[in-house]
Amino acid sequence: MAKNPTSGNYEDLPLNTGGADNKSSLVVCFGEMLIDFVPTVSGVSLAEAPAFKKAPGGAPANVAVGISRLGGSSAFIGKVGDDEFGYLLADILKKNNVNNSGMRFDRSARTALAFVSLRADGEREFLFFRNPSADMLFRESELDLKLLEQAKIFHYGSISLIEEPSRSTHLAAMTIAQKAGSILSYDPNLRLKLWPSAEAARKGIMSIWDKADIIKISEDEVTFLTGGDDPNDDNVVLKKLFHPNLKLLLVTEGSEGCRYYTKKFRGRVAGIKIKAVDTTGAGDAFVSGILSNIASDINLYQDEKRLREALVFANVCGALTVRERGAIPALPTKEAVLEMLQNIPE
């Protein structure tokens with residue numbers, strides 16, 4: 001494995017500062033956006049929580065905002081309810097300079113809600129309200145085709161694969177983006193409680209696995225998708241999860257950092273130790289960090305030195321996010337990331 005760099009010319013990382021009008025490096029994120037209700041104190045159950053802080057969330061939307069905060073160009077495509085929460089979420093995207101023209105509003109279903117309990121170590125447990133929620137009712141006819149065709153990177157998760165019609169809409173969006181030349185980026189973001197069964201989740205997540213150019217998964221997801229194998233075993237990852245069309249596979253290890261696999265090389269980048277208040281959105285911040293760089297330097301994954309520098313940047317994005325409660329409120333700016341990078345010891 002390559003040596004871990006703790007220094008690099010991060011000021012020169014290819015982060016686009018053109019905002020949402022720069023289509024040449026546009027990252028379009030597809031999927032769910034919802035309201036997270038996060039307890040005001042950690043280490044208690046949902047029933048014991050004295051109060052909750054309302055926070056916008058949903059992994060694909062988190063990534064879109066994260067990219068914009070880092071100076072990149074992003075858009076979100078998804079469906080929310082024709083209700084106050086739905087319009088709040090659309091407004092939050094707009095205020096964060098995310099193109100929200102691909103959002104749709106459903107009059108028959110509400111915006112999804114999730115209550116998130118925080119353990120003492122900042123890890124989370126979820127209680128979802130989706131019966132059904134508006135994101136599950138997104139139809140193919142509602143897709144913004146022009147926006148999809150402009151994407152340099154099309155990023156998505158797996159929650160939109162659970163139910164129809166959102167599943168068919170998801171598959172159609174992938175096909176449109178791919179035909180237009182987009183790089184497909186996939187973060188399964190496993191939420192087992194939302195699937196009918198563990199086997200349905202495994203089958204659903206893997207059903208589109210071989211279509212992606214870039215995949216990011218956690219250690220726990222490696223174990224789940226391989227049927228209990230050791231997530232630290234490179235041979236397991238390469239044999240069971242690396243497919244012939246894949247350009248970059250990333251396995252995140254929380255505060256320990258991440259591992260990377262390409263057709264030419266593989267390695268590990270150490271993480272940044274930081275006291276976690278709430279890990280919500282940390283993985284999405286990491287994805288924002290790496291996609292922001294790839295969008296502006298499309299062959300980044302072919303240069304191991306550049307890739308490692310970008311992954312250190314992405315690790316810092318994740319580390320900064322766990323210092324605050326909620327996902328979108330905690331996502332860092334490029335300036336905050338660069339400031340922390342300067343303090344990483346040589």
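Q: What makes a pair of residues a contact here?
A: Contact means heavy atoms within 4.5 Å. Leaving aside neighbours within four places in sequence, Leu-311 is in contact with Leu-250, Cys-258, Tyr-260, Val-269, Phe-286 and Ile-290.

Q: What kind of model is this, and which residues count?
A: The model is predicted: local features need pLDDT of at least 70, side-chain atom pairs count only at pLDDT 80 or more, and totals for chains, interfaces and linings use all residues. Residues are numbered from 1 along each chain as its sequence is written, and side-chain values use heavy atoms, with hydrogens and water left out.

Q: Why is a set of residues called a nonpolar core?
A: Its members are buried (under 20% relative accessible area, 1.4 Å probe, protein chains only). They are Ala, Val, Leu, Ile, Met, Phe, Trp, Tyr or Cys, joined through side-chain atoms within 4.5 Å. The largest such core has 56 residues, and Ile-290, Leu-291 and Leu-311 have the most contacts inside it. Helix α9 (residues 304-321) gives the most to this core, with 10 residues. A second, separate core of 41 residues includes Leu-147 and Ala-201.

Q: What makes a space a cavity?
A: On a 1 Å grid over the protein atoms alone, a 1.4 Å probe fits at its points but cannot get out. The search finds 2 cavities of 30 Å³ or more.

Q: Which residues line the largest cavity?
A: Lining residues have an atom within 4 Å of a point. Among them are His-155, Lys-216, Ile-290 and Leu-291. α8 (282-296) is one of the elements that supply at least two.

Terms used:
On a 1 Å grid over the protein atoms alone, a cavity is a set of points where a 1.4 Å probe fits but cannot get out, and a pocket is an open set with protein on both sides within 12 Å along at least five of seven lines; lining residues have an atom within 4 Å of a point. Grid points are joined across faces, edges and corners, and a volume is the space filled by probe spheres set on the points. Helices (H or I, at least four residues) and strands (E, at least two) are DSSP runs, numbered from the N terminus. Buried means under 20% relative accessible area, exposed over 50%, partly exposed in between (1.4 Å probe, protein chains only).
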